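Welcome! Please take a moment to look over the sequence and the model, and then we can walk through a few of the contacts together.

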Amino acid sequence: MRDIDRYLQYLAAERSAARLYHALAELTGGERREVLDELAGIEERHAEHWMNLLAERGADVPEDDGSLPQSDQDLLNTARRFSLDVVLPDLEAAEREAQGVYDHEPDALPGMVEDERAHERVLRTLQSEPTSGAGDSGARFAMSPADVRQYLNEAEPWHRTDKSGSLRAAVFGVSDGLVSNTALVMGFAGSGIASGTVLFAGLAGLLAGAFSMAAGEYVSVSSQVDLFQREINIESRELADNPEDERLELELIYRAKGMDRQSARRLSEKIISDPDTALDTLAREELGLDPEGLGSPVRTAASSFAAFAMGAAVPVIPYVFLAGTSALLTAVCLAVIALVIVGSAVGRLSGLGMAKSAARQLLVGSAAAAVTYVVGSLVGMGLG
């Protein structure tokens, strides 16, 4: 009885999904319409599987009344009132939530788990395609290579030119080292203690901060690489177990990007025929990953260590050669110059704007240094 109840739930869900995709397909045209109809066809095949199992168990197979659950009907009404593009993110989220429904279902067909995962990726691809209107049956949704790269960069935050994260770690490491150690040195200098003690404190802050940054980056990047590698390994197993399903996923993705059915099929067949090429392509197209550029934890950690140490050394260097007020004023001047330079670099990297970022960096760094200097002075007077 439990099996029959479970099959009935699966059947109802697959029928609803198929009806919804067919209804949404009516709102668009061209390749986009064909892709949605194919998704509906996949759901109908899933529904047929559960109908067959119900019949085998001697259970009554309910008639398809053609209705939709209220949530799906609301989504369809929204698409009709506004556009298909408005509801595609909700569809993608729903498919993502439903991905694991068959993971532990012993009676599911071998390809059903992969089909459900493919639906989310296809819907994500459809969201990047411009449409010329709901009634434009001849609409094409082609993307240029530059558009594809931009879409992947926006969709996967880790998918950047600097995949390893070394450049990001270096620039922001310098910024962190400069601000934190300048504040530390100013705090000790404000207390009025000997220059030798300020130097020792600055060196201690440099080493402690650099090692901390390096360790944090190493753990972070290692975890990221492990996660990405796990996704690639899963894709590799799916490719070995169900190559035709993976080929169909690629075909749907390429058609969603604007290829006609025949060209997309030929290209997907050619790619799947070579296992190495197939895995590399699936990782890039479906996961947004570059298998050759997952990043090096050691290189990123070393870059972070060196960068933090470089920034932290700026306010310390004057105390190596000078003492007292001369060392303090020189440290302040060097820190200001360095804050402007580093802020400009951060602005260029982040896209904020060099002038705006430099001003912000100078303001934040100066405020931190001023506060710690005042606190240091008050502590020094209290102890004195």
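Which residues are linked in a network of salt bridges? They are Glu34, Glu38, Glu244, Arg247, Glu251, Arg255, Arg261, Arg265 and Glu269. A salt bridge here is a side-chain nitrogen of Lys or Arg within 4 Å of a carboxyl oxygen of Asp or Glu. Before going on, note that this is a predicted model, where local features need pLDDT of at least 70, side-chain atom pairs count only at pLDDT 80 or more, and totals for chains, interfaces and linings use all residues. Residues are numbered from 1 along each chain as its sequence is written, and side-chain values use heavy atoms, leaving out hydrogens and water.

Let us follow some of these pairs. Glu38 and Arg255 join through their side chains in a salt bridge, at 2.4 Å from N to O. Glu38 belongs to helix H2 and Arg255 to helix H9, so this pair ties together parts that are 217 residues apart in sequence. Helices are DSSP runs (H or I, at least four residues), numbered from the N terminus. Both Glu38 and Arg255 are buried, meaning under 20% relative accessible area with a 1.4 Å probe and protein chains only, while exposed is over 50% and partly exposed lies in between.

Glu38 also forms a salt bridge with Arg261, at 2.8 Å from N to O. Because Arg261 lies in helix H10 and Glu38 in helix H2, that pair connects parts 223 residues apart in sequence. Arg261 meets Glu34 too, in a salt bridge of 3.3 Å, N to O. Glu34 counts as partly exposed because its relative accessibility is 31%, and Arg261 is partly exposed at 35%.

Note on methods
Helices (H or I, at least four residues) and strands (E, at least two) are DSSP runs, numbered from the N terminus.
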